[in-house]
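Welcome! Here is a short tour for anyone meeting this structure for the first time. Please take a look at it, and then read on.

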Amino acid sequence: MKASRAARWNVLILLLLLAHVDGVQRHNGMNRMPLQQQQQGPMYGGGQLQQIPPHPDSREEFKVRQLMGLEMQKYMNLSADPCVDFFEFACGHWGGYHKRQQRQGAAGAGAPLVTAQQVVEAKIVDQLQQLLTAPLPPQHHPNQYSGATAANVRKVRSFYDSCVAVEANAGERRRFLMKILKDNGGLRNVANSNWQHNRHWLQTLAELRRNYGLDILLGLEIDLNLQQLGGNSIYLGEPRLTIIPEEHCNVVATRGAHVRDLVYEQIQQQVADNLRDWLALETGEAARIAGDIIRFEFELCKHMRGQQLQQQPAAQEEDLPPVALPFGARSRIGQDRLHRQKASGITLTDLTTEMGGFFDFKLYVEVILESLYTSVVYLRSPDYIKHLVRTARANNRYTIAAYIMYVALNELNQPPEEHPSRRARQCVQVMQRLFPQVLGEMYQRQVQRDDAKDDLQQVFSDLVKAFEQQLRVDWLDDNDRRAARARLAQYHTLLPDYQNLDLAELQFQKSDDYWHKLELALRFRARQQLNGLRGNDFGQEPEGGLVDGFEVRAALVARQQAVLVGWGLLQAPYYNYHYPRALKYAQLGQRLASALVQAFDDEGWNRHPQATSPWNELTMSGYRNVTECQRAQYSNYLYNQPAEFRNATRLREIMADSSGLNVAFNAYLAWLEQQDNKPRPLLYKETLPELNFTNTQLFFLYFAQTRCWARSNQEAVPFLESMPLMQHTAERWDVNGPLSNSVEFGREFGCALGTQMNSGDKCLVY
């Protein structure tokens, strides 16, 4: 059994330590000292054991392990009870060591939190900055760029140099924004903006999408053809760009809210300030237009991100307004038919007719493509599209035109306004947004190592084996279990591939300034996106976008039955080849497992375009039960109400996190069992100097520390501590939630059943 496997290793560790280091006491998964005594005892790594290791390692390896032990120890608050709040125990002092990032805002100005993930990403920005300024590798160097790659790098560096050099001056920015405005029909309220009173706002909307790739009002994506499972098709749905942040612009947030609420008033004031700054509008006129813009978008938000809302039980549905649900009642314009066409496709002419002829979808798409389009399109958000048409019909064309142009200018406005000492970092982030593949290739060439690749493959192989064992869950029917095992065996890892990257069509002139280069780069990127419609990229483009080399994440690529991994996950401080395996499985293993698990949930198994064998009703009934357990548990944690939380997207994430932790820990135990012929060297390498914890405890401790965070405003902490429920945040759950659902965690830290970190109700999908 899993429990006995962990316990057996802990007992073995205890016996070896007692034999080797007289008087050194250790934590043990089955036989523990009281917590206070543990904290006061000597730390592992001192005395004889550190000086005469059982298995001498290289100087580099010893230094890495010693520094890691000190690093982990300094972040911990050993006065906290790990069975009450493990986040506080593991991360209680983390914020004190990252005050600089809190002041600067690793996540951006005004960010309320600074996380361990953001600190790692900030270090990668520093590395990218060095790559963008260092001389190119000479000929015959191991990292020498090929001809095409060198040309790509030179173009990006040229743009970067112009970004760093340009003056952060409002006049230059205003001229650039006025040029964009003039090129797209102007606005009647803005003098000298080339206002074209006969121009239809739909023409402007389509040209902004074609020229700059801006999804405003209506999202347009290029993706796999669902009918032929080959080639690409157009998908219409919700826009990517909004003024109101996502957390305030969705079907849930707007239910019961009013556009006069403080949060929307503040956004409206920012819009008015921008209109005065960018376009020199008078205060009163700017305020009036800003009000029209925010009221218009607030209406659109009422039907946005409805797919994230989990369907309520039937008994509760009647209490909710029908328009707020993605599964609402049928409408007079044929919503039932629209939902069928979501899967089967619909021609642009038929879609225009279905929507009453107000929004000419055929004109919109053909202006974007600059050619006729007779194939069907697919609808990702039929309810939103219907609501968009209704809302646009209810507003005058001047309001719609002003809204479109403001969203466009807000997105295109990427000025180097920061102080010169910080501008270089800001310019790196602009390059990451505009040229992610070029920077990804540069970073990958610099940091890739064969030993890290080998580690990645080994960890993933062990995860697949452990996951195969965990498919024995009760809710999975035998037939569906066999199908899952067959599919699981096909999964593998991928690293970013940049073989076909070519910026030849992007041409910069020496005389071009930053703003002109920005416009050229945006136009180039938009063309590249639309080129996908002319090819057959089935299986090549991962859903949700590529993971680039500099990214610190792993993502499921179901079409290729793979998990795509960014090299940022394989860099310090998250990863080092000399780290104990406990740490590798806790960080890298858990991230990979969480991505993999999503191929075997309802969304990944039943709703993926390539789904061929949906789960039967017996499996679905069991799956609904376990997901409802997790949903109610999370809802109680955040709101103290089991029915409050209904975000299906977030629910999928937290289920994958908990199951991924479970899979990763069992994979680690399986790896340990394979090493039983070398117990003494294993003991040494699987623990850390200066840390008085077993290897299995280190697994959970490191999992927590890779999710540490601190508030940018430390003054808010005493207030929160006086209200325990206010400490229940989504970020704190990301540590305490998965751990409290782990039977093994409770056993490893001796948490009595019923304590906060070892509740009696465990909710796990796998």
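Counting bonded cysteines along the chain, the disulfides of the protein chain follow the pattern 1-9, 2-8, 3-6, 4-5, 7-10; a disulfide here is a pair of cysteine sulfur atoms within 2.5 Å. The model is a predicted one, where local features need pLDDT of at least 70, side-chain atom pairs count only at pLDDT 80 or more, and totals for chains, interfaces and linings use all residues. Residues are numbered from 1 along each chain as its sequence is written, and side-chain values use heavy atoms, with hydrogens and water left out.

**Disulfides**

- The structure holds 5 disulfides, and one of them joins Cys83 to Cys751 with the sulfur atoms 2.1 Å apart.
- That pair links distant parts of the chain, 668 residues apart: Cys83 lies in the loop between α4 (59–75) and α5, and Cys751 in the segment after α32. Helices (H or I, at least four residues) and strands (E, at least two) are DSSP runs, numbered from the N terminus.
- Both Cys83 and Cys751 are buried, where buried means under 20% relative accessible area, exposed over 50%, and partly exposed in between (1.4 Å probe, protein chains only).
- Another disulfide connects Cys91 and Cys708, S to S 2.0 Å, and with -80° about the S-S bond this link is left-handed.
- Cys629 and Cys763 are also joined, S to S 1.9 Å; the torsion about their S-S bond is about -60°, so this disulfide is left-handed.
- Cys629 is partly exposed at 30% relative accessible area, whereas Cys763 is buried at 3%.

**An enclosed helix**

- In helix α31 (residues 730–740), 8 of the 11 residues are buried, so the helix is largely enclosed by the rest of the structure.
- Among the buried residues of α31 are Arg732, Trp733 and Leu739.
- The cover over them includes α5 (86–91), α26 (617–639), α27 (648–673), α29, β8 (709–711) and α32 (743–748), with contact meaning heavy atoms within 4.5 Å.

- An open sheet is formed by 3 strands in the order β2-β3-β4, with mixed pairing; two strands pair if DSSP finds at least two bridges between them.
- β2 (219–224) and β4 (377–379) stand at the edges with a single partner strand each, so one side of each is left without a neighbour in the sheet.
- Strand β3 (residues 232–237) pairs with β4 in the parallel sense over 3 bridges, and Leu236 stands opposite Leu379 in β4.
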